[in-house]
Amino acid sequence: MSFILATGTSRGIGQAAKSALLERGINVIGHATRAADVDTIAADFSNPGAASLLWEEAMERSGGEITAVVNNAGLFEANRLDRSDIEWLDAWEDTLRINLTAAAQLSRFAVRHWQKQGGGGRLVHVASRAAYRGDSPAHWHYAAAKGGMVAMHKSIARAYASEGILSYAITPGFTDTSMAGDYLDSRGGAGLLADIPLGRVAQPEEIARIIAFCALDAPASMTGAVIDANGASFVR
Ligand SMILES: NC(=O)c1ccc[n+]([C@@H]2O[C@H](COP(=O)([O-])OP(=O)(O)OC[C@H]3O[C@@H](n4cnc5c(N)ncnc54)[C@H](OP(=O)(O)O)[C@@H]3O)[C@@H](O)[C@H]2O)c1
């Protein structure tokens with residue numbers, strides 16, 4: 001029996017992705033900072049050891065049969081420049097650790113595991129439009145983490161394609177979760193929708209469909225691709 005490990009499945013995009021994968025008959029090992037059900041493993045990525053413990057627990061629960069990892073968990077917290085130096089640095093490091101370093105750790109564990117098994121496996125990284133477009137003045141760290149995630153993804157795709165280890169990245173624009181809600185409220189709400197030709201933010205289920213496609217269906221030749229989903233608000 002094979003499993004997909006997906007992070008940040010307690011709500012928003014991750015929860016929708018978990019449902020989409022379950023609907024396809026896939027066994028999903030979920031994750032959140034606190035475990036709410038038996039299928040979810042708790043790991044707070046602000047703790048440097050947490051990703052390793054999550055991987056070990058997921059390996060145990062799956063009997064070593066993890067075929068894909070979805071790096072979805074993320075934090076979007078404002079970090080204003082006028083904070084004290086130490087507050088600003090702490091917030092920078094938290095966001096980088098949660099949004100980028102934990103994804104890198106899990107990707108490394110998975111790649112090494114698949115290599116030991118003789119190859120084959122998929123990574124799906126939920127990055128952001130911010131990787132390309134940048135973000136608000138209080139979100140340098142968020143944009144930097146997502147830009148780093150896209151660069152990491154491309155490195156992985158190029159390095160291990162010949163071993164059947166495939167990597168896909170998704171760069172959503174605003175998506176209708178609590179994360180986007182906080183941002184839209186803080187930046188003037190509906191006015192921001194004027195920037196989105198589609199006239200609305202994405203639904204978590206739309207991003208979940210792309211995650212399931214990448215984890216299960218995307219052709220191998222698409223490895224290294226970055227898939228935008230932003231209502232044409234940022235066309236590149
Ligand atoms: N919503 C958007 O507009 C948008 C746009 C572009 C990209 N994205 C990206 O899409 C992904 C999912 O976003 P979302 O909107 O679904 O967010 P969300 O509703 O805020 O959910 C965030 C998820 O990440 C987990 N998480 C937060 N802090 C964590 C920590 N310290 N350690 C471990 N897990 C943690 C949360 O777990 P708990 O429930 O336990 O806190 C939750 O499952 C993120 O990577 C985000 O950057 C979102």
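Author: Start with the crossing. H2 passes H3 in a right-handed crossing. This is a predicted model. H2 covers residues 50-62, and H3 covers residues 85-117. Their axes come within 9 Å. The crossing angle is roughly 35°.

Now the residues. H2 brings Ala51, Ser52 and Trp55 to the contact. H3 answers with Ala102, Gln105, Leu106 and Phe109. Sort them by class: five are nonpolar and two are polar. No charged residue takes part in this contact of H2 with H3.

Next, the setting. The protein has seven helices and seven strands. Read from the N terminus, the order is β-α-β-β-α-β-α-β-α-α-β-α-α-β. The radius of gyration is 17 Å, close to the 18 Å that the globule rule gives for 236 residues, so the protein is as compact as a globular protein of that length. For overall dimensions, picture a box of roughly 50 × 40 × 35 Å along the principal axes, filled by the C-alpha atoms.

Of the 236 residues, 42% count as buried. Then take the contacts in the protein with a separation of 6 or more: 71% of them join residues 24 or more positions apart.

Back to the pair on your screen. Find Trp55 on H2 and Phe109 on H3, both among the residues that make the contact. Then follow the two axes, which cross at roughly 35°.

Note on methods
Residues numbered from 1 in each chain as written. Predicted model: local features only at pLDDT ≥ 70, side-chain atom pairs only at ≥ 80, totals over all residues. Helix = DSSP H or I, 4+ residues; strand = E, 2+ residues; numbered from the N terminus. Rg over C-alpha atoms; globule rule 2.2 N^0.38 Å. Buried ≥ 20, exposed ≤ 12 C-beta atoms within 10 Å, placed from the backbone. Contact = placed C-beta atoms within 7 Å. Axes fitted to C-alpha atoms, helices over the stretch in contact; angles between N-to-C directions. Left-handed = near helix turned anticlockwise from the far one by under 90°. Nonpolar A, V, L, I, M, F, W, Y, C, P; charged D, E, K, R; others polar.
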